[in-house]
Amino acid sequence: MSTLEIKGLKVVVDADGNSKEILKGVDLTIRSGETHAIMGPNGSGKSTLAYSIAGHPKYTITGGSVTLDGQDVLAMSVDERAKAGLFLAMQYPVEVPGVSVTNFLRTAATAIRGEAPKVRTWVGEVKEAMAALNMDSNFAERSVNEGFSGGEKKRHEILQLELLKPKFAILDETDSGLDVDALRIVSEGVNRVKANSDLGILLITHYTRILRYIKPDFVHVFAAGRVVEEGGPELADKLEEKGYAEYVTA
Amino acid sequence: MAINTNYLQPSGREEAWRFTPLNRLAGLLDSQVELTSTNSLSLARELPGVSFQILESSQVVPISQSTDEATLRVRNAVKEVALITIAEGAELAEPIYLNRKTLDGRPEATRVLISLGANSKATVIVQNIGNAVLAEDLEFKLDSGSTLNFISLQEWDDKTIHLGRQHAVIGRDATFNSIVVTVGGSLVRLLPTVEYAGPGSSAELTGLYFATDGQHLEHRMHVDHNLPNAKSRVNYKGALAGDKARTVWIGDVYIRAAAEGTDTYELNRNLLLSDGARADSVPNLEIETGEIVGAGHASTTGRFDDEQLFYLSSRGIPADEARRLVIRGFFQEILNKINNQEIEERLMNRIDTDLAKVGAIK
Ligand SMILES: Nc1ncnc2c1ncn2[C@@H]1O[C@H](COP(=O)(O)OP(=O)(O)OP(=O)(O)O)[C@@H](O)[C@H]1O
Ligand SMILES: [Mg+2]
């Protein structure tokens with residue numbers, strides 16, 4: 001049983017020499033096995049929260065804390081955070097030319113597990129995970145995310161989730177750009193990981209569609225850099241119907 | 001053809017020499033210093049369809065004009081020339097390896113002509129190792145329908161000075177693919193240059209250079225589209241690490257008025273891994289006819305992409321390993337073309353070792 005605790009998190013970003021405060025005190029606690037959905041208008045800071053937890057160098061923390069089972073996440077380097085059990089499925093996965101998916105996955109698995117996976121079982125493991133996500137095996141030889149369609153990039157993120165088996169996953173708009181079938185396949189992938197490992201999930205989304213597959217225990221409304229309301233799954237339906245007007249003007 | 005062999009010592013103000021540290025040439029362009037005529041390249045192994053001869057220089061007339069001072073000097077200095085002939089129609093399954101044996105730092109000049117008979121096909125690999133002060137004039141004559149894959153690996157020791165021209169005259173429907181990899185040497189200045197002798201001919205000039213502290217690595221393409229319906233592609237990638245690492249890439253492509261139907265594209269990308277390193281990249285396209293298939297060029301010089309490094313690190317990969325992956329990835333496209341696992345590994349290991357030495361991977 002693990003806990004990821006975000007307290008009073010304040011984050012600024014440097015834009016053309018001026019620093020701009022984006023997160024204005026975020027409080028959020030996620031435990032193993034829980035699924036938290038975050039919904040909020042464009043530009044409200046959802047991705048900023050995700051990147052800040054993962055340690056993206058563009059974001060500067062000016063206040064608050066992030067801890068994983070009491071350990072100071074903000075003091076860790078990016079790779080240490082991943083090794084500690086955090087995973088970020090990115091809204092816009094990055095292309096890395098010349099680095100094959102196979103090489104990348106193996107290097108990442110070696111780093112996370114602390115030893116190189118056994119060749120024989122590893123190959124099978126990757127094949128199986130790719131097949132489960134309906135990814136053609138030729139992706140293995142392609143460069144990381146290079147020339148992948150939007151949906152293919154998202155599947156590749158979930159493939160990594162399956163292979164790296166983190167304690168907590170932040171899924172930043174993993175559903176955007178997925179067709180109906182892909183949405184189901186990707187959601188099933190997430191649920192599989194959760195069933196096997198008691199994964200805690202922070203799921204950022206604009207649509208209730210994905211929440212029909214990945215059932216949230218909690219829904220948080222995010223606006224202007226903080227959590228402004230919390231509730232159960234019914235809150236998502238209300239948001240879908242009424243939008244964010246009441247939170248944005250408030 | 002009247003070949004001009006007048007040699008003038010450059011002052012450094014000439015366009016062709018303005019990037020080169022002339023004080024580091026170890027006498028190669030100094031008329032007071034005599035260059036020893038050597039046959040520094042030899043055939044590693046006899047192969048059917050390949051003949052290797054050493055001939056009096058007067059018997060092997062250069063097939064191309066040059067204004068390059070180093071080339072003119074070589075032509076003056078050499079007494080003998082190596083002539084490598086691939087028989088008409090011969091298709092060589094295995095590469096022709098040429099061994100390099102130098103005078104270990106005494107100034108020398110070597111001239112070589114590699115001649116491919118009609119419809120022949122060969123891969124020639126030169127591995128340049130050791131210590132040398134070498135000026136070289138390499139020419140390739142590709143008769144119609146022939147294909148030459150020429151791979152030149154500059155894996156020199158630290159002190160080597162190497163001035164070289166690699167000029168191809170490409171016949172009708174012939175294909176010249178050159179891959180130049182320069183990782184070693186103190187000062188290396190190479191001129192991969194091309195002219196066409198018949199329509200339907202094609203050239204692909206690919207290169208990789210990696211300079212660390214104090215190295216000056218210069219590559220100057222010259223593609224002369226002097227005939228209609230020929231094609232050229234240039235793709236050079238370089239990385240620089242260490243304070244005084246220096247690279248120069250010049251891409252001169254001329255499309256003459258007669259060269260209708262030309263199809264050309266050239267690309268140079270540089271990755272700067274240290275603040276004090278400097279990469280010059282000068283693409284230059286001159287077009288005298290609009291009746292062409294395509295002509296373009298691109299040149300970029302940048303640093304590590306933080307987003308790439310973040311992505312890799314966010315998967316648990318430590319920062320130094322992430323950088324190494326990105327550098328390997330950057331060069332992979334070029335290394336793949338060599339299509340030889342052993343060479344690829346050897347080069348990548350050398351790059352890794354050099355990187356570790358200059359501490360660019362922290
Ligand atoms: N690197 C940056 N430079 C400048 N501004 C930034 C940067 N990163 C984020 N911002 C700004 O911070 C705000 C929050 O951005 P963020 O990407 O976190 O929003 P989001 O809630 O994820 O939006 P969306 O729903 O559109 O994905 C936006 O106004 C954005 O323009
Ligand atoms: Mg976002």
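These legends accompany close-up views of a predicted model.

**View 1. Residues around ligand 1.**
The shell around ligand 1 holds 17 residues. Those that come nearest are A:Ile22, A:Gly43, A:Lys46, A:Thr48 and A:His206. By class, the shell divides into five nonpolar, eight polar and four charged residues.

**View 2. Polar side chains at the oxygen atoms of ligand 1.**
For A:Thr48, an N or O atom of the side chain is 2.5 Å from a ligand oxygen atom. A:Thr48 is also among the residues that come nearest to ligand 1. For A:Gln91, a polar side-chain atom lies 3.2 Å from an oxygen atom of the ligand. For A:Glu173, the distance from a side-chain N or O atom to a ligand oxygen atom is 3.2 Å. Taken alone, ligand 1 exposes 630 Å², and the protein buries 72% of that area.

**View 3. Elements of chain A that build the ligand shell.**
Strand E1 (3-15), strand E2 (18-31) and helix H1 (46-54) of chain A each give two or more residues to the shell around ligand 1. H1(A) gives the most, with three residues.

**View 4. The interface of chain A and chain B.**
On the chain A side, 33 residues are in contact with chain B. Chain B contributes 17 residues to these contacts. The area buried between the two chains is about 1,900 Å². Carbon and sulfur atoms give 69% of it.

Two salt bridges are counted between chain A and chain B. One of them joins A:Lys58 to B:Glu307. Their closest N and O atoms are 3.4 Å apart.

**View 5. The side of chain A that touches chain B.**
Several elements of chain A give two or more residues to this side: H1, helix H2 (78-84), strand E6 (86-89), strand E7 (96-100), helix H3 (101-113) and helix H5 (150-164). The largest share, six residues, comes from H3(A). The residues on this side divide into 20 nonpolar, eight polar and five charged.

Methods:
Residues numbered from 1 in each chain as written. Chains lettered and ligands numbered in written order. Predicted model: local features only at pLDDT ≥ 70, side-chain atom pairs only at ≥ 80, totals over all residues. Heavy atoms only, no water. Near = heavy atom within 4 Å. Polar contact = N/O pair within 3.5 Å; in protein donor to acceptor, adjacent residues only side chain to side chain. Areas by Shrake-Rupley, 256 points an atom, 1.4 Å probe, with all protein chains shown as cover. Helix = DSSP H or I, 4+ residues; strand = E, 2+ residues; numbered from the N terminus. Nonpolar A, V, L, I, M, F, W, Y, C, P; charged D, E, K, R; others polar. Contact = heavy atoms within 4.5 Å. Buried area = accessible area lost by both parts, 1.4 Å probe. Salt bridge = Lys/Arg side-chain N within 4 Å of Asp/Glu carboxyl O.
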